[in-house]
Amino acid sequence: MIFHNYLYRLKCIVRDRTMMFWSMLFPILLATLFNMAFSNISSAEIFSKINVGIVDNSEYRENTFFVNSLKSVSGEGERDLFEVKYISKDEGDKLLEDGKIEGYIYFDDGIKLVVKKSGMNQAVLKGFVDDYNQTLSTIKTIYGKNPSMDQSKLMSSISNRIDYLKEVPVSKSSPDSIVTYFYALIAMACLYGGFLGLKEVMAIQADMTAQGARLNMAPVHKLKLFASSMLAAATIQLIIIFILIAYLVLILKINFGSQLGYILLTCVMGSITGVSFGTFIAIIVKKSEGVKLGVMIGVTMLLSFFSGMMYDKIKYIISTNVPILSYLNPVSLIADCFYSLYYYDTHSKFFIDIILLCGHNIVFALITYSVIRRQKYASL
Amino acid sequence: MVIKVKNLVKRYGDLTALDHLNLEVNEGEIFGLLGPNGSGKTTAINCILSLLKFDEGTIEIYGKPMSPDAYDIKRNIGVIMQNVAVFEELNVVENINYFCGLYVSDKDKRRKLVDEAIDFVGLNDFRKFYPKKLSGGLLRRLNIACGIAHKPKLIILDEPTVAVDPQSRNNILEGILKLNKAGSTIVYTSHYMEEVERICTRIAIIDKGKIIATGTNDELKGMINSGEKITVEIIKIDDRILDDIRSLPNIVSVELNGNLLVAKSDRGKNNLLPLLDYLKSKDIAFGKIYSEPPTLNDVFLEITGKELRD
């Protein structure tokens, strides 16, 4: 009887095209749009070599220190700062006007830098010129006071920079704000399992649908009907989440780290949470199906917003100002599970989130069953 | 005794939907529950099926108190709801198989029952159709098939022919008679007196949550004073003639509705000839003549003062 109901509920869920669109296709569409939007942000952060012009006059050629300094930071290598063009002054003005170079340097009784606008590249050029002037002044001062000093040793000592700071990463992965959006998206998709939960509760409740009335007349215990229906919903939801994650990893190349077992556990808990959340909405909203669905969508969107799906900073704002909300928000908890698997070396935060999700599930399921186990109704 | 309902009371706030309702259904009969919309038919059925809470009274089915977890009783009941209760995502075969499977776990036996149910309601040509592709009448037939596939001993039909085409309605009524012949006890609720008169062996008339009369078709009609209703098409008639007709033996009321003279008689026989003789004697020309025996609507009208279809 349980398996019979489970099989038929699977069929009913899978053949509901509207539900399949919202639960499965919509998150995939959203992920695709996210990827298209965020790929531009990523490319904007990559450093490109700065196009600079050098006026190749006699004073420039005599200034070997500058020539060597410039050679050390320009060329074909990936770590080089500048892409150098040797030009005349007039050519320099024209190229600057056309935007082909960010600035040009010429020597005329000292080093001169010409730029057209201010920006990051112009700041880098100025920084380079300032650094050259400062180093030159240091050399002149030291050599002026110690003329007998070995020039090559002095140059070598000035050129050597000692780093007194060292970057120590706090996590095994480097921070990536974009991946937060995708975690929130998966969490939202998990909570969309609520549509399935809502549908299943309505199907077995006599005061909600005629089909529920007929099912209540069958010689089957309500708990068996409820359990097998929820199992069917959770099964479908889990498959949907796996498809979404496969799409994110294999097609969109989003990195989730390598802890497959824990990721699967998160998917299972997330799916069950979504379904149980839907059943909870179905029984506490005492209105028509349309209103229940509207509440379901609204609440899911709100919880997704608070978990950082639309604005990643909101998650930080809530966790610092109203941390209890983070623990009560199932979308935030699910997203946090992925986040902690990706960034942290230990699993303590992960398991805290999983336990909290279990708590949510138990509360939702208990409240739902305490209402639906009632088999006689005040009105139909 | 299959169903025994005693002093059933159901209130919705200040409204008393069922007011000390009593009824009994015997094995093997087709019991009709006839009443206008809002009289309490569906409420009574839902209380009997333990879907609705009630305030007072007792309900027994097959000699045992009915409750939501009386699974041994539920196993023998088939219900056809007023609203079509099938799943849009399953086709005809799947719907029937799904519901039948909640009663019959043996797959082979169930397959046979499903085929018989489809054959019974005449949906063989529509086995793979989904509910949204079926007409209203065919959908009602599917609704019935889902309720009777497991061959229950007691079948309750709550207004199964609402918004159904005449062919499907006829099919449904014939089907109910066949089910009864095969041994099922039927409870049939409706506000269509023609259906109840046609198929029910015993009828209870309900109004405002109370049973106002119970009996066979003839017994109910025998309770009232109204007898034959004669309608005569006439050209012209004045009030003096109407008074004369009123004083004819066995005529209890006379009305002139346009060009139709409607005369109601009491339970006496041979009411038509004296009326026609009188009209001939006065040289009053007349056209078509209709004679109707009393209907359940007349029974309802006499007892409550209103029509069944009000």
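All views show a predicted model.

View 1. Helix α13 of chain A, residues 289–306, has 18 residues. From first C-alpha to last, α13(A) reaches 26 Å, close to the 26 Å expected at 1.5 Å a residue. Lys292(A), Leu293(A), Met296(A), Thr300(A), Leu303(A), Ser304(A) and Phe306(A) are the buried residues of this helix. They lie on the same side of α13(A) because they cover an arc of only 160 degrees around the axis. An α-helix has 3.6 residues a turn, so residues three or four places apart point the same way. On the face turned away from the buried side of α13(A) are the exposed residues Gly290(A), Val291(A), Gly298(A) and Leu302(A).

**View 2. The residue Gly308(A).** Gly308(A) follows α13(A) and has a positive phi, near 100 degrees.

View 3. Strand β6 of chain B (residues 77–80) is covered on both faces. Ile77(B) and Val79(B) are buried on one side, and Gly78(B) and Ile80(B) are buried on the other. In a regular strand the side chains alternate between the two faces of the sheet. β6(B) runs parallel to β7(B) (residues 154–158), and four bridges join the two strands. Opposite Val79(B) stands Ile156(B) of β7(B).

**View 4. The side of chain A that touches chain B.** Contacts involve 23 residues of chain A and 28 residues of chain B. On the chain A side, α1 (2–14) and α10 (210–216) each supply at least two residues. α10(A) gives the most, with five residues. By class, this side of chain A has 13 nonpolar, five polar and five charged residues.

Key
Residues are numbered from 1 along each chain as its sequence is written. Chains are lettered from A and ligands numbered from 1 in the order in which they are written. This is a predicted model: local features need pLDDT of at least 70, side-chain atom pairs count only at pLDDT 80 or more; totals for chains, interfaces and linings use all residues. A residue is buried if 20 or more other C-beta atoms lie within 10 Å of its own, exposed if 12 or fewer, and partly exposed in between; C-beta atoms are placed from the backbone. Two strands pair if DSSP finds at least two bridges between them. Two residues are in contact if their C-beta atoms, placed from the backbone, lie within 7 Å. Ala, Val, Leu, Ile, Met, Phe, Trp, Tyr, Cys and Pro count as nonpolar, Asp, Glu, Lys and Arg as charged, and the others, Gly among them, as polar. The expected span of a helix is 1.5 Å times one less than its number of residues. The arc is that of the directions from the helix axis to the C-beta atoms.
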